[in-house]
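Dear colleague,

Please find below the structure that I am handing over to you. My findings follow it.

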There are 2 protein chains.
Amino acid sequence: MTETIIEKRARLLGPNFSTFYKNPVHIVRGEGVWLWDNDGEKYLDCYNNVPHVGHCHPHVVEAITKQAKLLNTHTRYLHEGILDYVERLISKHHEGIESAIMVCSGSEANDIALRMAEAQTGKKGIIVTDSTYHGNTSAVSQLSYGRNAIGGVGDHIRYVRTPNSLSDNKDNSVSEAEHFAQNVKLAIGSLEESGHGVSALLICPYFANEGFPTLEYGFLDKAVRQVRSAGGIVIADEVQPGFGRLGTNWWGYQKIGLIPEVVTMGKPMANGHPVASVVTSAEIIKSFRQAFGYFNTFGGNPVSCAAAAATLDVIEKDKLTENALSVGDYALNGLRELKKEFPQIKQVRGSGLFFGAEMCGKDNIPLTQYAEKIAEKMREKRVLLSVLGPNRNTLKIRPPMVFSKSNADHLLDTLRSVMKEVECEF
Amino acid sequence: MTETIIEKRARLLGPNFSTFYKNPVHIVRGEGVWLWDNDGEKYLDCYNNVPHVGHCHPHVVEAITKQAKLLNTHTRYLHEGILDYVERLISKHHEGIESAIMVCSGSEANDIALRMAEAQTGKKGIIVTDSTYHGNTSAVSQLSYGRNAIGGVGDHIRYVRTPNSLSDNKDNSVSEAEHFAQNVKLAIGSLEESGHGVSALLICPYFANEGFPTLEYGFLDKAVRQVRSAGGIVIADEVQPGFGRLGTNWWGYQKIGLIPEVVTMGKPMANGHPVASVVTSAEIIKSFRQAFGYFNTFGGNPVSCAAAAATLDVIEKDKLTENALSVGDYALNGLRELKKEFPQIKQVRGSGLFFGAEMCGKDNIPLTQYAEKIAEKMREKRVLLSVLGPNRNTLKIRPPMVFSKSNADHLLDTLRSVMKEVECEF
């Protein structure tokens, strides 16, 4: 069965269409933090942030069903669904956030955000980190360092080195924040010299794909001041940290003390329904709408807004941000206990329900293959997680927000037994 | 109420966020070809192609509900929903179409199609018409002539004049097809001279936004031969004509006798659920997947595929293509009768349930304002339609595919009374 489906997949969806795991999982059912495969085996989902309030949450399913039965059309007619939702969404942000564009994917949101920056600043240059991912459109996929094989990358993009909480500035002459700011300054200089100027620093304020290094409040302050001095703005990509996942705050930018001009949101926004958004000030949305015609047929339709509103309902009613904080702290403590047993765990870090452990050998050599083996072995024991970071040696644990302390125990117990089994070259 | 909602909309969604009609419609419910506003007034929907099998079709709603209750996750796990659907979808196409990428919007589909062409041909140049629209991403929105205010349009794009079925080649020395081919040849020459080369001709084979001029089978043959001789491929954008709307065929490219290397589909695909796709040969999908990393979180998720499959079910089971042909022919005859009464109807044209009438004054002067007045007055009489074409003087009638002869009578009777009321400068 599995072999047939894999062959069919390669034929119909093309080669190099990646799956998770050497032995991919054939999932047929989901509920809360649980997934079931086609043999009826049950998996603990420690990976998926898209089903934010839990797989197949009945309140979200009901909202989708009710609205899909009643009306699903576009925003060139008037409808209160989008207005009520946007009012709620912007109230979760800082007071400079006044308006929204609703779209279908985080990629579409970031694609718009780049044009908002261009319309507002009159400049083209974009600064991103060298280990990031902001989406899959032609414009946005170029921001992923080293991903595009042909045609090359636009001359208006500059990559800056990802901050590292293992701190390889061994002489301590400059802090990581200062080092980051220096690199941003070099990027600004280069963009100005090439005539593009600085349009935006586009950043995941949790540096999620960068391996979520532990960074202090205010880490970005100097870099951001420089970007603004050069006439640029800051775009916070909240596709991963947003909607309370970090436990301490609704948004990653609040945790690091950043006040972005534009914020993009996606994946968890409607618990899996294709919904994303870009929010900004009245001034910037006006600049954008004057410079570019923009309409999105599916964006902000009544069903999408109902799904997104229902997801907000559950986060609020079930206090899922608070749950993320307490369960996340509990799991981090558990990982720290594990670190005492296994020296290859170099650093335990994270916030709320987005945490992990970086695996290193002697002299901080990244244990990339080892981390991958752990993820594979966890899958065999039916606990789903992954790896990430510049060296892909950090365990990526990012479960639905209804993850409990008992689920954390299940994860930690399984991880302990897997780490005992998998040989480590440390 | 309406004034409040309009103000709220401007505040929350930004200025210049267009609505249909000077007096926008506040829609709250839909069923089949009918929409209801917040005062309970009922409108005949002659415009919306997204609810392809009718607003809120119970079979599609049920499929969405059932799958949303069971599982909604992404394509990095195995799932049969996407495979079964893609198998059905490609079977509707010519035999060179073997694989698909599932995405969320027609914009995302066209954005990928451009990169497929680039990966396959190693070239960058794109040829489109000067009255087209292929979507809203940074890359794709540039293909809409005259839309982008700042930053300019990429030097790799060439616009060719839209074909015109009113035929302004008055000396008849060359046909419209020959004229179109000549313009494509000039574009090819210009792209080669500038070093971009020809990557693709991207075309809606029904020339929908161009005002769906009446074009003969084989119209594109010479232009397409030239594009292929120059090493380029042809992308058919079926977002508007596809899924049987034209009555005579499943796809617009079949009607005009084109065999495209890549086909994009969107709006009507899942009756309003955010689903779109790009299909192509095994060879081209391989080129694309080797050149670019591509993954779409929401694309091809089980709920989206269930919605799309249910939409196909209804088209097939209720023979909606056949319905489009018979009702479309009936309505075209009705419009031809109307033409006898009103000389400002210069040409009646269309196919299946995508038809309209071009309004001209003396010497074929486009009656742009008049056509708009007609659309506004129709809205006041609760029949929803619009205008399109290079001069926006052609009525755009493109209802859900369950439109009946009785609905056509309702449309025609209302149009007759409106045309009697609205003064025409003819």
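A:Leu320 is buried, because 26 other C-beta atoms lie within 10 Å of its own; a residue counts as buried if 20 or more other C-beta atoms lie within 10 Å, as exposed if 12 or fewer do, and as partly exposed in between, with C-beta atoms placed from the backbone. This is a predicted model, in which local features need pLDDT of at least 70 and side-chain atom pairs count only at pLDDT 80 or more, while totals for chains, interfaces and linings use all residues. Residues are numbered from 1 along each chain as its sequence is written, and chains are lettered from A and ligands numbered from 1 in the order in which they are written.

A:Leu320 belongs to helix α11 (residues 320–341) of chain A; helices (H or I, at least four residues) and strands (E, at least two) are DSSP runs, numbered from the N terminus. Leaving aside residues up to four places away in sequence, A:Leu320 touches A:Val53, A:Gly244, A:Val314, A:Ile315, A:Met401 and A:Val402. Contact here requires C-beta atoms, placed from the backbone, within 7 Å.

Strand β5 (residues 125–129) of chain A pairs with β6(A) in the parallel sense over four bridges; pairing requires at least two bridges found by DSSP. Opposite A:Val160 in β6(A) stands A:Thr129.

The contact between the chains takes 80 residues from chain A and 79 residues from chain B.

Yours sincerely

Methods:
Contact = placed C-beta atoms within 7 Å.
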